[in-house]
Amino acid sequence: MSSSTALVDRYIAAWNEKDSDRRRQAVKNIWAPDALYANTGQEFRGHEGVETAVREAYEEFGAKGFIFRLNDYAQNHGALRITWDMVPAAGGPVAARGTEYLILDLDGLVSTDHQFPEALPASP
């Protein structure tokens, strides 16, 4: 398993983590201390800010029965593109999809993380 595959797996797992202490530790292990996470509505800075974003996403989606799963990813030197799907944990169609553009620092931690929601393809 490559280091980028491991990072992507840990990244997706952090957004699905139920335990607040493990979620907080995951943030410290994935994002740089001065990281920026930006979705279309807000910016979150540093470990505390990123942990707030991950917690809010869990409370809004995970606690209501959804999980995030990897759709695809690609690496380009010190950058990663991750496409994820949000699906019901019990199974069912994709409820949401998004892409993250991550820039890694020299230690391999996420320094910037920009989220872009995507429109789902129309059902046939």
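1. Eight aromatic pairs turn up in a search of the whole structure. Here rings of Phe, Tyr and Trp (its six-membered ring) pair if their centres lie within 6.5 Å; planes under 30 degrees apart count as stacked, over 60 as edge-to-face and the rest as tilted. This is a predicted model, in which local features need pLDDT of at least 70 and side-chain atom pairs count only at pLDDT 80 or more, while totals for chains, interfaces and linings use all residues. Residues are numbered from 1 along each chain as its sequence is written, and side-chain values use heavy atoms, with hydrogens and water left out.

2. The ring centres of Trp15 and Tyr37 are 5.4 Å apart and the planes stand at 50°, so this pair is tilted. The pair links distant parts of the chain, with Trp15 in helix α1 (residues 3–16) and Tyr37 in strand β1 (residues 31–38), 22 residues apart. Helices (H or I, at least four residues) and strands (E, at least two) are DSSP runs, numbered from the N terminus. Trp15 and Tyr37 are both buried, where buried means under 20% relative accessible area, exposed over 50%, and partly exposed in between (1.4 Å probe, protein chains only).

3. Phe68 and Trp84 make an edge-to-face aromatic pair, at 5.3 Å centre to centre and 85° between the planes. Phe68 belongs to strand β3 (residues 66–76) and Trp84 to strand β4 (residues 79–88), so the pair ties together parts 16 residues apart in sequence. Phe68 counts as buried because its relative accessibility is 9%; Trp84 counts as buried because its relative accessibility is 9%.

4. One aromatic cluster is formed by Tyr11, Trp15, Trp31, Tyr37 and Phe44. Asp113, in strand β6 (residues 110–118), is in contact with residues including Tyr11, Trp31 and Tyr37, leaving aside its neighbours within four places in sequence. Contact means heavy atoms within 4.5 Å.

5. Thr83 sits in strand β4 and counts as buried because its relative accessibility is 9%. The C-alpha atoms of Thr83 and Thr99 are separated by 4.3 Å, although the residues are 16 apart along the chain. Their side chains make a polar contact at 3.3 Å (a pair of N or O atoms within 3.5 Å; within protein, one must be able to donate a hydrogen and the other to accept it, and residues adjacent in sequence count only if both atoms are side-chain atoms).
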